[in-house]
Amino acid sequence: MNDTNIQDIPAIHSEIARKSKEIGFTMPSDLYIGTLLKTLISSKPAGKFLELGTGIGLSLSWMIDGMDIDSHLITVDNDPELIAIAKQYFGVDKRVNIVCEDGSEWIKKYRGGKFDLIFADAWPGKYSEVDAILDFIKVGGYYVIDDMAVQPNWPEGHDKNVKKLVAYLENRADFNLTKMDWSTGLIIAVRTKQKG
Ligand SMILES: C[S@@+](CC[C@H](N)C(=O)[O-])C[C@H]1O[C@@H](n2cnc3c(N)ncnc32)[C@H](O)[C@@H]1O
C-alpha cells in the first residue's frame with residue numbers, strides 16, 4: 001500500500017493551494033487529514049459538522065466533498081481575510097455557514113444542535129474550551145485533531161499543552177480514542193455515551 005497515493009482530492013483543492021501560496025498562508029492542512037475528514041464525514045449522511053479554524057479552506061474543501069446534500073457544516077475563524085477567501089470559494093453552498101468570530105466566543109454562545117464530527121484546528125476547542133466542545137459531540141460522533149506530533153512551527157513550551165490535552169482526552173471515560181503517528185500526528189476520538 002502506498003498511503004501517499006491520495007486520489008480523491010477535491011476539484012477546488014489545487015486552486016485553494018495556489019491561493020494559499022499567493023497570500024503566504026503558513027498553516028495549511030495536509031492531504032492526509034483532508035482525505036481522513038472526507039472519509040469520516042461520508043459515514044454520516046445528513047450529518048452536522050463543525051470546523052474550528054477555517055484557515056485558507058483546504059480542510060474545508062475536503063469536509064464539503066464528503067458531505068451529502070442533506071448535511072450542514074459550520075466553520076469558524078477569527079481572521080477576516082481568510083474568511084473572505086473561504087466565502088469566495090464556498091459562500092454559495094447553502095449547506096455551509098462560514099463565520100468570522102473568535103472561536104472561544106463562538107463556542108460560549110453556541111446553542112444549536114450537537115455535531116456528528118468536529119475538526120478542531122485552532123486554539124479554541126483544542127487547548128481552551130475543550131470540555132465545552134466535547135459536549136457538542138453526539139454519541140457516535142467524532143472529535144478530530146491534528147498537529148499532535150512535534151511541528152517545526154511550535155512555539156517554545158507547546159509540547160506541554162499537547163501532553164496535557166492528550167492526557168485529558170485519554171482520561172475521558174465517555175470517549176474512545178486512537179492516536180495516529182501519521183500526517184502531523186492525529187487523534188480521532190468517538191463519543192461512546194453521554195457524560196455521566
Ligand atoms: C492551522 S490553521 C487552520 C488551517 C485550515 N484547517 C486549512 O486547511 O487551511 C488555524 C486557524 O485558526 C485560526 N485561529 C487562530 N486563533 C483563533 C481563534 N481564537 N478563533 C478562531 N480562529 C482562530 C487562524 O486564523 C488560522 O486560520
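Two residues count as in contact here if their C-beta atoms, placed from the backbone, lie within 7 Å. I write this down before anything else, and I note that the model is predicted.

**Entry 1: Ile-187**

I looked up Ile-187 and found it in strand 7, residues 186-191. Leaving aside neighbours within four places in sequence, I list its contacts as Ile-145, Met-148, Leu-169, Leu-177 and Lys-179. I counted 20 other C-beta atoms within 10 Å of Ile-187, so it is buried; the cut-off for buried is 20 or more. I also took the C-alpha to C-alpha distance from Ile-187 to Val-150, which is 14 Å across 37 residues of sequence.

**Entry 2: Ala-189**

I stayed in strand 7 for Ala-189. Ala-189 has 22 C-beta neighbours inside 10 Å and counts as buried. Not counting residues up to four places away in sequence, I find that Ala-189 touches Tyr-143, Leu-169, Phe-175, Asn-176 and Leu-177. Leu-169 is 20 residues from Ala-189 along the chain, and their C-alpha atoms are separated by 8.2 Å.

**Entry 3: the chain as a whole**

I stepped back to the protein chain and counted seven helices and seven strands. From the N terminus on, I read the order of elements as α-α-β-α-β-α-β-α-β-α-β-α-β-β. For 196 residues, a compact globule would have a radius of gyration near 16 Å, and the chain agrees with its 16 Å. Along the principal axes, the C-alpha atoms fill a box of roughly 45 × 40 × 40 Å. I note that 38% of the 196 residues count as buried. I then took the contacts between residues at least 6 apart in sequence, and 64% of them join residues at least 24 apart.

**Entry 4: the core**

Which residues have the most contacts inside the largest nonpolar core? I find Leu-37, Met-63, Leu-117, Ile-118, Ala-120, Tyr-143 and Val-144, in a core of 46 residues. As a general remark, nonpolar side chains tend to be buried together in soluble globular proteins.

I followed up Met-63. Beyond its neighbours within four places in sequence, Met-63 is in contact with Leu-37, Lys-38, Ile-41, Phe-49, Glu-51, Leu-73 and Phe-119.

**Entry 5: helix 3**

Met-63 is one of the buried residues of helix 3. I find this helix mostly covered, with eight of its nine residues buried. Besides Met-63, the buried ones are Leu-58, Ser-59, Leu-60, Ser-61, Trp-62, Ile-64 and Gly-66.

**Entry 6: helix 4**

I went on to helix 4, residues 80-90, where Leu-82, Ile-83, Ile-85, Ala-86 and Phe-90 are buried. Seen down the helix axis, these buried residues fall within an arc of 160°, so they line one face of helix 4. An α-helix has 3.6 residues a turn, so residues three or four places apart point the same way. What do the buried residues of helix 4 pack against? I find helix 1 (13-23), helix 3, strand 2 and strand 3 (96-100). On the other side of helix 4, I find Pro-80, Glu-81, Ala-84 and Gln-88 exposed.

**Entry 7: around the ligand**

I counted 21 residues surrounding the ligand, and the closest are Ser-29, Gly-53, Gly-55, Gly-103 and Ala-122. Helix 3 (58-66), strand 2 (72-77) and helix 5 (103-109) each supply at least two residues of this shell. By type, I divide the shell into nine nonpolar, eight polar and four charged residues.

**Entry 8: loops and phi angles**

Most residues other than glycine have a negative phi. I looked up two residues with a positive one.

Glu-129 is not a glycine, yet I read a positive phi of about 55°. Glu-129 sits in the loop between strand 4 (115-120) and helix 6 (130-135). It is buried, with 21 other C-beta atoms within 10 Å.

Asp-147 has a positive phi near 60°. I place Asp-147 in the loop between strand 5 and helix 7. Is Asp-147 buried or exposed? Asp-147 is buried, because 20 other C-beta atoms lie within 10 Å.

I ended with Pro-152, found in the loop between strand 5 (137-145) and helix 7 (158-170). Pro-152 has 4 C-beta neighbours inside 10 Å, so it counts as exposed. From Pro-152 to Leu-50 I took 27 Å in space, C-alpha to C-alpha, and 102 residues in sequence.

Conventions. Residues numbered from 1 in each chain as written. Predicted model: local features only at pLDDT ≥ 70, side-chain atom pairs only at ≥ 80, totals over all residues. Core = buried A, V, L, I, M, F, W, Y, C linked by C-beta atoms within 7 Å. Buried ≥ 20, exposed ≤ 12 C-beta atoms within 10 Å, placed from the backbone. Near = placed C-beta within 6 Å. Helix = DSSP H or I, 4+ residues; strand = E, 2+ residues; numbered from the N terminus. Nonpolar A, V, L, I, M, F, W, Y, C, P; charged D, E, K, R; others polar. Arc of directions from axis to C-beta. Rg over C-alpha atoms; globule rule 2.2 N^0.38 Å.
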